[in-house]
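I opened the file to see how the chains are built and where they meet. These are my notes, in the order in which I looked things up.

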Amino acid sequence: MREPVIVFEKVSKSYHLYHSLTGGYKNFIFHFPKWIKSLKNSKFEALLDISFEIYKGETFGIIGRNGAGKSTTLGLIAEVIKPTGGKVIVKGRISPLLELSAGFHPELTGRENIVLNGVLMGLSRVEVSLKMNEIIEFSELHNFIDQPIRVYSSGMLARLGFSVVAHFDPEILLIDEVLAVGDVAFQKKCLDKMLQFKKNGVTMVFVSHSMMEVETICDRVAWIDNHTIKDLGKTQDVISNFLKSSC
Amino acid sequence: MKKNFQHYIDLIIVLTQKELKVKYKSSFFGYLWSIAHPLAFAFVFLVAFKVVMRIEVEDYALFLIAGLFPWQWFSNSVNASPLVFLGNASIIKKINFPRNLMPFTQVFQDMIHFILAIPVIVLFLLIYHKSPSLSWLYGIPLLLIIHFLMTYGISLIVSSINLFFRDLERLTTIFTTLLFYFTPVIYPEKMIPEKYKILINLNPLSSLMISWRNLFLIGTLDSTHIAICFGYALSAFIVGYLIYKKLSWRFAEVL
């Protein structure tokens with residue numbers, strides 16, 4: 001049971017800041033020494049020397065203030081960005097649900113977006129079409145499924161996004177703050193689905209600002225603050241520490 | 001391995017469908033536009049060079065059409081390439097999949113348009129009392145591969161570098177326009193003055209465009225031209241792929 005599926009070993013991530021490059025040639029000519037200097041120094045450390053393990057079947061919460069490095073962590077797990085230092089090991093197929101409506105094309109219909117997303121996530125076209133009805137059923141978007149999704153509201157997009165990810169037998173599910181825009185009924189439906197995943201042994205990484213949701217489904221929580229892990233452990237303990245420092 | 005390959009095919013199909021659907025979603029005439037554009041250009045050049053400047057080329061309208069359709073494929077793909085990754089930012093930031101498939105499908109769907117336009121070339125051949133020749137059967141697939149490799153390579157270079165140096169987008173448009181007039185598309189290569197003739201092979205597109213036109217008009221393939229354009233195509237592809245490999249891990253960061 002205690003088999004780690006996501007391992008962070010002393011992971012650091014820094015971004016170059018590109019403002020100096022995009023400042024244009026005037027900036028380049030008139031402030032040349034400064035420009036060179038800023039090119040060397042303009043780094044932003046998003047994560048510093050982070051180590052943790054997430055085990056198979058576990059629901060792992062990540063909390064923290066805006067800009068603390070939560071989304072960078074998810075990006076690293078999803079392998080869309082690479083660490084600058086350390087090692088990230090991920091075993092299993094990842095179903096990412098980062099950012100609302102990411103991965104959807106506004107001109108395509110809901111149905112076409114389901115196919116596009118499914119195949120991008122690693123399924124075959126046949127597998128996607130077999131699941132199609134189930135997905136539409138779950139999203140409750142029957143009347144809109146053949147409309148281009150640019151006419152969708154943000155709540156409807158969240159419904160579509162979650163329904164797609166939830167029906168492709170995820171092994172590792174990444175959820176970033178997407179449920180907040182759905183209505184109460186749908187949020188509940190998603191939570192139920194996630195509890196069901198939990199029962200089936202799906203590993204989930206859950207980023208949220210809703211302490212109530214985190215408390216409901218997470219086994220362990222990491223609190224990221226100031227680009228490092230400030231606290232990691234049982235959900236209740238971390239949340240109460242976090243709330244104490246925030247208030 | 002086999003599953004992997006199958007998945008590549010599925011990805012290409014889905015991404016190409018997406019491109020085509022997005023392109024034609026809100027236009028009534030759809031695919032006809034991809035024919036209308038080179039035909040309009042052919043008309044303009046016909047008026048300018050045949051009617052006004054009296055260029056001495058036999059069947060100049062046919063000559064133009066045989067060159068402009070392949071050129072359109074190249075220039076459409078290359079001009080679209082700066083935006084290939086930028087336009088799909090939301091997907092790239094979210095899901096880890098082979099990103100080089102995006103320029104691949106871009107070039108692929110322009111190739112489909114080109115293939116669909118070949119009947120128009122046949123129609124013009126018939127109007128001028130000529131006919132397609134048997135050599136098309138192997139000539140067209142061969143040139144399709146070379147053309148694809150070349151265009152895909154250049155697209156990879158432009159689309160990857162443009163993420164880090166966004167000015168490239170403007171440069172690309174200027175570059176393709178310049179290249180168009182330096183390539184024997186609207187004039188035959190034999191009209192180039194003797195002292196500049198050696199320069200023609202420095203242009204990677206020349207021998208490819210000459211090959212297309214000769215294949216369509218007289219049904220011949222010249223092995224020197226093929227060798228030269230294949231060399232260029234292969235180098236473009238290798239350079240493009242190396243640049244893409246070097247830069248692709250940072251795509252999600254700079255988008």
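**Helix 8 of chain A**

I started with helix 8 of chain A, residues 184-199, where 16 residues reach 23 Å from the first C-alpha to the last, close to the 22 Å expected at 1.5 Å a residue. I note here that the model is predicted.

Next I asked which residues of helix 8 of chain A are buried. I found A:Phe186, A:Lys189, A:Cys190 and A:Met194. They sit on the same side of helix 8 of chain A, because the arc they cover around the axis is only 135°.

I then turned to the face of helix 8 of chain A that points away from its buried side. The exposed residues there are A:Val184, A:Ala185, A:Lys188, A:Asp192, A:Leu195, A:Gln196 and A:Lys199.

What covers the buried residues of helix 8 of chain A? I list helix 7 (154-166), strand 7 (203-207) and helix 9 (211-217) of chain A as included in the cover. After helix 8 of chain A comes A:Gly201, with a positive phi near 80°.

**Chain A as a whole**

I counted 10 helices and 9 strands in chain A. Of its 247 residues, 42% count as buried. For contacts in chain A with a separation of 6 or more, I get 72% from residues 24 or more positions apart.

A:Asp49 has a positive phi, near 55°. I place A:Asp49 in strand 2 (residues 43-55) of chain A. It counts as partly exposed because it has 15 C-beta neighbours inside 10 Å.

A:Glu140 is not a glycine either, and its phi is positive at about 60°. I find A:Glu140 in the loop between helix 6 (125-139) and helix 7 of chain A. A:Glu140 has 15 C-beta neighbours inside 10 Å and so counts as partly exposed.

**Chain B**

I counted 11 helices and 0 strands in chain B. Its radius of gyration is 19 Å, close to the 18 Å that the globule rule gives for 255 residues, so chain B is as compact as a globular protein of that length. Along the principal axes I read a C-alpha span of about 55 × 45 × 35 Å for chain B.

Buried residues are 38% of the 255 in chain B. Of the chain B contacts with a separation of 6 or more, I assign 78% to residues 24 or more positions apart.

I looked at one residue here, B:Phe230, which lies in helix 10 (residues 223-247) of chain B. Is B:Phe230 buried or partly exposed? It is partly exposed, because 19 other C-beta atoms lie within 10 Å and a buried residue needs 20 or more. I also checked B:Phe230 against B:Leu142: they are 88 residues apart along the chain, and their C-alpha atoms are separated by 9.8 Å.

**Between the chains**

How many residues of chain A are in contact with chain B? I get 25, against 21 residues of chain B. Helix 5 (residues 110-120) of chain A gives the most to the chain A side, with 5 residues. I sorted that side into 14 nonpolar, 5 polar and 6 charged residues.

**Largest nonpolar core**

Last, I looked up the largest nonpolar core, which has 123 residues. The members that touch the most others are A:Leu174, A:Val205 and B:Ile65. Helix 3 (residues 60-80) of chain B gives the most to this core, with 12 residues.

Terms used. Residues are numbered from 1 along each chain as its sequence is written. Chains are lettered from A and ligands numbered from 1 in the order in which they are written. This is a predicted model: local features need pLDDT of at least 70, side-chain atom pairs count only at pLDDT 80 or more; totals for chains, interfaces and linings use all residues. A nonpolar core is a set of buried Ala, Val, Leu, Ile, Met, Phe, Trp, Tyr and Cys residues joined through C-beta atoms within 7 Å. A residue is buried if 20 or more other C-beta atoms lie within 10 Å of its own, exposed if 12 or fewer, and partly exposed in between; C-beta atoms are placed from the backbone. Helices (H or I, at least four residues) and strands (E, at least two) are DSSP runs, numbered from the N terminus. The expected span of a helix is 1.5 Å times one less than its number of residues. The arc is that of the directions from the helix axis to the C-beta atoms. Two residues are in contact if their C-beta atoms, placed from the backbone, lie within 7 Å. Ala, Val, Leu, Ile, Met, Phe, Trp, Tyr, Cys and Pro count as nonpolar, Asp, Glu, Lys and Arg as charged, and the others, Gly among them, as polar. The radius of gyration is taken over C-alpha atoms; the globule rule is 2.2 Å times the number of residues to the power 0.38.
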